[in-house]
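Take a look at the structure below. The paragraphs after it go through selected parts, one at a time.

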Amino acid sequence: MKTLRNIAMAVAMAFVFTSCEAQIKNPKTETVKVYGNCEMCKKTIEKAANEKGIVKADWNVDTDMLTLTYDQTKTNTDAILKKVAYAGYDSETFRAPDDAYKNLPECCQYDRPAKVSAIAENHDSHKGHDMPAAETNQNSPLFNPVYTAYFSIKDALIKSDGKTASAKASELLKVIATAPMDKMKTEQHTLWMKIQNSLKTDAGHIAETTDVKHQRDHFASLSENLYALAKTTTNDAPYYYQKCPMYDNGKGAHWLSKENTIKNPYYGSAMLSCGSTVETLK
Amino acid sequence: MKHCYQLLLLFAVLSGYAQNSKEYDLYVTDTVVNYTGKKVKAIAINGSIPAPTLHFTEGDTAVIRVHNKMHHETSIHWHGLLLPNEQDGVPYLTTAPIKGMSTHTYKFPIKQSGTYWYHSHTMLQEQIGMYGAFIIHKKQEPELPEYTMLLSDWTDANPHEIERSLHKANDWYAIKKGATQNYAEAIGKGHFLTKFTNEWKRMHAMDVSDVYYEHFFVNGKQEDHAPQFKPGEKVRVRIINGSASTYFWLNYAGGKITVVASDGMDVQPVAVDRFIVGVSETYDVIVTIPDKDTAFELVATAEDRTGQASLWLGNGVKQLQQPLPKLKYFEGMKMMNDMMTVGGNMKDMGMNMSLQQMDMNTVMYPEITGKEKDKKTASMAMEGHHHQETGNTDIVTLNYAMLKSPVKTNLPDGPVRTLHFELTGNMNRYVWTLNNKTISESDKVLIKKGENIRIVVTNNSMMRHPMHLHGHFFRILNGQGDYAPLKNVLDIMPMETDTIEFHASEEYGNWYFHCHILYHMMAGMGRIFTYENSPPNPQIPDPEMALKMVYNDDRRYYFSAEVGLESNGSDGEMRLENTRNFFDVEWRLGFNKNTGYETEAHFGRYLDKNQYLSVYTGFDFRYHNSLEREENLFGQASTQNQRAVACIGLIYQLPWLINADVRLDHEGKARLQFVRKDIPVTERVRLWGSWNTDFEYSVGSRYILTKYWSLSAHYDSDMGMGGGIVLTY
């Protein structure tokens, strides 16, 4: 008899629960600040915060205030704000990962609450932590633009992205043309005169096509020349000269990288980590 | 006489240290924890999980009394410490097990400094809470604020049940992780051929780890806070991976991480964006608190990316670190296909992989190789809500080649002996071995004091293994010459070959060398190094019996069963199996005379290293009265209606995981049977089928409801169509 009554109770309860499914139980309402800009932000913020039957969120575009109603037995404000931060939006509790912020559409890139760098007080040269410490002492600044463009091409080839490789090669062409020859040391100057034309040819070929295979052929010789150039400079952060043994039917090809880990630009993701570091240039 | 002298010397040394004796009392108790809303049994030390952090200074004498307040035995191993063999804490091998309701005192001089830890070495106790940090400070240490970050993994499941499921290759954990890598998913991602090739090469779905964990912890919490650090301050964080089977990626929201020590030994500082901490490894890092009024997230993400645990450094708004995106399993599968021969060997395609430098898993990392292109991301991109996220190839990841000792580490002169260990395993049956032999199947490796032992380790298995050596540091020959780093754990990835060397600097005893993934160790993945002419160990009064206890760990049998109750009868199988042997009983019981009954029982043994081939002997009883087949495929008179025979047979696993079973009974009748089980069609649907030369066949499907229960339907040539439920244990 008792069991029967229990069953009846359970059925009744189930009924009640299903009938008010949309409502949030054990509700608690809180209003917190979430930084943002526009209607599109509103959509993203609310989407990140909402959870069916557990959280209902409403963000006000004018006041930047997020009103949360949630089931306090299942979640809490911090957990919700964390999800909002992962979607790219800062609050008083969490600051979004920089990558998440950068991935927001342009119209949504609200002004972030400023961070006060602790290091800036001690060292005037640094501005905030967004600038990695290593970058300031990079490879001989003279050729920095050249290598920056080169590494961008390399990264595009790693992803087999012919379009980006082409665009970055155009940039490389520009910086090759404007390289400050007057500031080069004698040996660098001599070398630069020797390789300048082939640098231009290779960059030009990479720029004029989006065919990754063709780009890689020229990238191989481009890498050889820039390796020779890198040898004439001194740097604090090393460049790694790396080799893919399989390229061009086993003839092999080289490339330069800022890190020791192999990311092979010659085969895309299929052979991403195939290769080895043959020399470290410091 | 010589021993006497040594003893005297030891006493002299001990009394010399005595004034710096540092004592701890550890009370080990059974406890109940509730992390997920479910009460679960666990083991606490001094009432806490993890166990309390023990602090020492180099030169101290440690006196640690372990009070076992449980009714079953336990042990404590001091991981990474150089100490006399009987203090090492491996029960039955080096030290007496600590029986229930008794106290064991450890006493040893502290001859080193750095970040270490301690844990139970008894069965699976480490999984349920028996781990703690063991920090040894240098006598003069540069003053740097510091914090200990002890990582662990937590599951509500009973670890013995986990172990049993692993040996049965139950894919419930994969379902929980969303990692079944089924055919429907493969087709959706344009990877049908990848999946098919994978199974053709006799591989089940692979993951980077085996167990599903509910939680990952920093110091026993999902989030730990250390607000005491000031902006601009450099903080030394001592990171210890005390998990049972989880590797962790470490990332810091405040920028670069400078690695300054590993496994307790200093290395020259190297700045990286992230690094992986193998099971049981320790790393000391220095991070900076860059901004005011901000707390920075130092986040440990499980290698399989099912969860993470965070340490907040500093005080203020919490700066989050971008979480690591889900793995691209099919890219990994494709890579595995390329690396695996049909014969079941790994080939590295001439790449000479070593020292974590080529992480083949990179193909699975979206943060480096870009997002997976599936229908979902495509539609997201169309909505315009997200920019196409591409990978970042500038992330600097630590590898062993980057570790360099600040001092020369060359071994003292001595005869050099080279050993080769091939790490081997069988994922399907969860067999893990060195040179295809478990600990109990191999002899102890005898070494002599003063010898230099060089070990060339090749990983021919499909998983990475953290190989740990007790009581010694080894050099990893990583191209840093005289400055090769010293470690006591070597993480070795599939297809890698690494060389390590150590000086046999101890006087005596048995020293374990084993994979520190708890379930691999318990499966027998290791060796015992034994010093020649070791004196009897007073803690091990009956060495023969004790060694048997050690060996029993990997000789255990695991029980599994699959029992179907369907409208046309009951089908089922029960198995009892260990590393090499199996017993099984199969039955088909009809509900009436026409469908009859059949039962077969076998005892068998796996023969080859990949365990594709096994032989068995057994019997077959059956009774039907409705079947009218007169001959089998071989033209022999059919005995299907009534049979009581003994038989011998051979099972060979064919490509695409089809088991071919050929047998001969004592009446001279032959039968060849093909069976394919558990084809993963969707996340929870499995298909299976079988056919044999008696013209019996059946096909069926199963929908997995929970770990133990499935709905099933199948058609059997003898019993007809049926539907019902299946219990998978």
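Is T639(B) buried, exposed or partly exposed, by its C-beta neighbours inside 10 Å? T639(B) counts as partly exposed, because it has 16 C-beta neighbours inside 10 Å. The cut-offs are these: 20 or more other C-beta atoms within 10 Å of a residue's own make it buried, 12 or fewer make it exposed, and anything in between is partly exposed, with C-beta atoms placed from the backbone. T639(B) sits in the loop between β36 (613–623) and β37 (642–654) of chain B. E667(B) is 28 residues away in sequence, and its C-alpha is 10.0 Å from that of T639(B).

A word on the model and its labels. This is a predicted model, where local features need pLDDT of at least 70 and side-chain atom pairs count only at pLDDT 80 or more, while totals for chains, interfaces and linings use all residues. Residues are numbered from 1 along each chain as its sequence is written, and chains are lettered from A and ligands numbered from 1 in the order in which they are written. Helices (H or I, at least four residues) and strands (E, at least two) are DSSP runs, numbered from the N terminus.

Stay in chain B and turn to S165(B). This residue belongs to helix α2 (residues 159–168). S165(B) is buried, because 23 other C-beta atoms lie within 10 Å. Leaving out residues up to four places away in sequence, S165(B) touches N170(B) and W172(B); contact here means C-beta atoms, placed from the backbone, within 7 Å. Y652(B) is 487 residues away along the chain, and the two C-alpha atoms are 23 Å apart.

Next come the sheets. Strands of a sheet pair through backbone hydrogen bonds, either parallel or antiparallel. Two strands count as paired if DSSP finds at least two bridges between them.

One open sheet of chain B has five strands in the order β23-β31-β30-β25-β28, with mixed pairing. β23 (445–447) and β28 (489–492) stand at its edges; each has a single partner strand, so one side of each lacks a neighbour in the sheet. From one strand to the next, the twist averages 20°. Axes are lines fitted to C-alpha atoms, for helices over the stretch in contact, and angles run from 0 to 180 degrees between N-to-C directions.

Follow β31(B) within this sheet. Five of its six residues are buried. β31 (residues 526–531) pairs with β30 (residues 510–515) in the antiparallel sense, over five bridges. There, H514(B) stands opposite G526(B). β31(B) also runs parallel to β23(B), joined by three bridges. In that pairing, I447(B) has Y531(B) as its bridge partner.

A second open sheet of chain B has four strands, ordered β3-β8-β7-β5, and its pairing is mixed too. Its edges are β3 (51–57) and β5 (77–79), each with a single partner strand, so one side of each is left without a neighbour in the sheet. Neighbouring strands are turned by 25° against each other on average, direction ignored. β3(B) runs parallel to β8 (residues 131–137), with five bridges. F56(B) stands opposite I136(B) in β8(B).

Finally, move to chain A. The axes of α9 (residues 186–208) and α10 (residues 212–231) come within 9 Å and cross at roughly 160°. The two helices are therefore roughly antiparallel, a word used for angles over 145 degrees, with under 35 roughly parallel, 65 to 115 roughly perpendicular and the rest oblique.

How values were computed:
Contact = placed C-beta atoms within 7 Å.
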